[in-house]
Amino acid sequence: MSLADAQPLSTLTESSSAHIHVIQTDNATRIRLLGMGIGKGSRIDVLRNRNGDIVLGNGNNRISLGRTITDHIMVHVQE
């Protein structure tokens with residue numbers, strides 16, 4: 001799959017699952033996300049996506065990320 005097929009994480013609906021294709025942020029943010037278990041190839045579930053933060057499930061972890069960060073995380077949705 002290519003980047004053209006990817007979409008921003010912030011656009012996914014609740015209860016969607018996806019694989020992270022690329023994280024288009026600075027190194028410090030990318031390293032911080034990796035520390036939370038979110039990196040290229042990670043499988044994530046969108047638990048809540050309302051007007052503010054997005055709550056993700058990654059294994060047994062629950063992580064809340066701001067919309068400005070999730071706009072730069074490109075994912076491939078799993079059917």
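Select Asp 71 and Ser 10: their side chains make a polar contact at 2.4 Å. A polar contact is a pair of N or O atoms within 3.5 Å; within protein, one must be able to donate a hydrogen and the other to accept it, and residues adjacent in sequence count only if both atoms are side-chain atoms. The model is predicted: local features need pLDDT of at least 70 and side-chain atom pairs count only at pLDDT 80 or more, while totals for chains, interfaces and linings use all residues. Residues are numbered from 1 along each chain as its sequence is written, and side-chain values use heavy atoms, with hydrogens and water left out.

Stay on Asp 71, in the loop between α2 (67–70) and β6 (73–78). Helices (H or I, at least four residues) and strands (E, at least two) are DSSP runs, numbered from the N terminus. Not counting residues up to four places away in sequence, Asp 71 touches Pro 8 and Ser 10, where contact means heavy atoms within 4.5 Å.

Next, show the strands as a cartoon. Six of them form an open sheet in the order β1-β6-β2-β3-β4-β5, with antiparallel pairing. β1 (7–8) and β5 (61–65) stand at the edges with a single partner strand each, so one side of each has no neighbour in the sheet. Two strands pair if DSSP finds at least two bridges between them; antiparallel β3 (residues 43–49) and β4 (residues 54–58) are joined by four. Within this pair, select Val 46, which stands opposite Leu 56 in β4.

Move along β3 to Asn 49. Is Asn 49 buried or exposed? Asn 49 counts as buried, because its relative accessibility is 17%. Its side chain makes a polar contact with that of Arg 67 (2.8 Å). Beyond neighbours within four places in sequence, the contacts of Asn 49 include Ser 10, Thr 11, Leu 12 and Ile 54.

Finally, zoom out to the whole chain. Its elements run β-β-α-β-β-β-α-β from the N terminus on. The C-alpha trace spans about 30 × 25 × 25 Å along its principal axes. Of the 79 residues, 39% count as buried.

Terms used
Buried means under 20% relative accessible area, exposed over 50%, partly exposed in between (1.4 Å probe, protein chains only).
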